[in-house]
Amino acid sequence: MATHVRCGSFFSGQGEQASEDYTLSFGADGIITYAGPSAAAPAATAQDSVLDYSKLFVMPGLIDVHTHLAYGNAKTEEDIDLYQPMEFRALRALFFAQRVVAAGYTSICAPGDAGQISLSVRDSIAAGLFDGPRVTAAGRYLTTRQGLTDWYPSWIGAPDTSIGRLVASRDEAIEEIRVQVKNGVDCIKIAMDGFQTRPNGELVAAFNQDETTVMVEEAHRLGRKVVVHARGREATLYSARAGVDLIFHAYYLDDECLDAMLKSGSAIGPTMTFPRNIIDFTQPHERAATKGRIESTRREYEIACANLQKARKAGVPMMTGTDSGFAVTPYGEWHARELEIFVRDLGFTPAEALRCATAVTAGFLARGERVGVLEAGRLADFIAVDGSPLKNIAILQDKSRIRHVHIGGQRTQFADREYDPLLVTDRSWVNWSDLYTQARVKELRLLGGHLAAAE
């Protein structure tokens, strides 16, 4: 028994334009058998199914290569690491993974989560226990005292429930990579820098060149790809020289970094949605605003746009991801904003952005050769959209326009279930965001005339 999809417009994940009056056919195993003009399509038999998407735009399922399933829409780093048990985080991750599918994303990479959470979600979906996206999973970040995820004071240390694994030596790093590969990770995540800077403001790399190269070589020897968090120039350069497969951010890259990327073949996952949302959504009373994060993020965003445009023009591959899993990037909400940013701020055409979010990003995924392009021999992971993203890339953010989502040919549909964030996410004990001195209370007029009368 086969299924035949009559497409209004058809975008394969390659090329510059959509084709009209195409048919997509696939078998019961979810493998595409035909993708081409309807006039040449195989005839449907009495046992076959025919789906009429003739008024819709059919394209490959979208891919987000930067979705942290275990974060739970966190408001603080402590929310990520401390305030829910691993078991609850895994159940929560599966719930949120289905939110991602509802937004049109059929594959994701979960690049760095605590314990075995993302691996367990991946395996439960792959085993057919639950519906959800295809998941490429990493384990905990490898980090040092200068790297992301070492949030806590040195006198406390990194808890076992953290998303980071603090390694104190080259041997510890190698052993952690070997343990993670034994546990079944698809890729290794390295925190190549964090927030520590030199007196001149330059971000400090968490590992030196030799250490970075050794870790990457060992991961590659074991058949795993490597993704890194690297905002600063130094971390980006070390990563590219070592042959890292995917560099997240790379905001402060320079010509030396570009040369190294072109030589090694490293791709960039800019992840511009996260900083853009910080700039656009943070409210004045929130700590991110009062601590100056809006202004610093805005400056970095402008630098990043200029540098990433250079990388695009130089031919460095760009992959789409959003850092979803924070309160400012909730699951299922802003994934497609990255495509709009690619077009508006980085100079991509809509067709180029769509290719980045499908065929190009599929190149990093585990078994990614099976997805990202709608052609014979690949999996029938596709979406049907009301309207053309080639004409208006922003429509992919309107979930009401994502009419149908198919994974392996099967249509997936999830109820838009509400949940209580106070029970699911907001568990850290942050009760106040201000210091209520008499002067501050008077400024806020919280006591009305009472304080003035007392004076």
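Reader: Which residues are buried in helix H7 (residues 255–264)?
Author: This is a predicted model. In H7, the buried residues are Cys 257, Leu 258, Ala 260 and Met 261.

Reader: How are they arranged, seen down the axis of H7?
Author: They fall within an arc of 165°, so they line one face of the helix.

Reader: And what does the face turned away from the buried side carry?
Author: Exposed residues: Asp 255, Asp 259 and Lys 263.

Reader: What covers the buried residues of H7?
Author: The cover includes two helices, H6 (233–242) and H10 (293–314). Strands S14 (246–249) and S15 (267–269) are also part of it.

Reader: Now the ends. Which residue caps the N-terminal end of H7?
Author: Asp 254 does. One of its side-chain oxygens lies 3.2 Å from the backbone nitrogen of Glu 256.

Reader: What about just after H7, which residue takes a positive phi?
Author: Gly 265, with a phi of about 85°.

Reader: Switching topic. Where is Leu 365 found?
Author: In a loop. Helix H12 (350–362) comes on one side of that loop and strand S16 (382–385) on the other.

Reader: Is Leu 365 buried or exposed?
Author: Buried. Its relative accessible area is 6%, and the cut-off for buried is under 20%.

Reader: What is Leu 365 in contact with, leaving aside neighbours within four places in sequence?
Author: Ile 63, Ser 107, Ile 108, Cys 109, Thr 136, Lys 225 and Val 371.

Reader: How are Leu 365 and Val 135 placed, along the chain and by C-alpha atoms?
Author: Along the chain they are 230 residues apart. Their C-alpha atoms are separated by 8.3 Å.

Reader: Zooming out. How many helices and strands does the protein have?
Author: The secondary structure comes to 15 helices and 18 strands.

Reader: And what is the radius of gyration?
Author: For the protein it is 23 Å. The globule rule gives 23 Å for 455 residues, so the protein is as compact as a globular protein of that length.

Reader: What does the C-alpha trace span along its principal axes?
Author: About 85 × 60 × 40 Å.

Reader: What share of the 455 residues count as buried?
Author: 54% of them.

Reader: How about contacts with a separation of 6 or more: what share comes from residues 24 or more positions apart?
Author: Such pairs account for 68% of those contacts.

Methods. Residues are numbered from 1 along each chain as its sequence is written. This is a predicted model: local features need pLDDT of at least 70, side-chain atom pairs count only at pLDDT 80 or more; totals for chains, interfaces and linings use all residues. Side-chain values use heavy atoms; hydrogens and water are left out. Buried means under 20% relative accessible area, exposed over 50%, partly exposed in between (1.4 Å probe, protein chains only). Helices (H or I, at least four residues) and strands (E, at least two) are DSSP runs, numbered from the N terminus. The arc is that of the directions from the helix axis to the C-beta atoms. Contact means heavy atoms within 4.5 Å. A polar contact is a pair of N or O atoms within 3.5 Å; within protein, one must be able to donate a hydrogen and the other to accept it, and residues adjacent in sequence count only if both atoms are side-chain atoms. The radius of gyration is taken over C-alpha atoms; the globule rule is 2.2 Å times the number of residues to the power 0.38.
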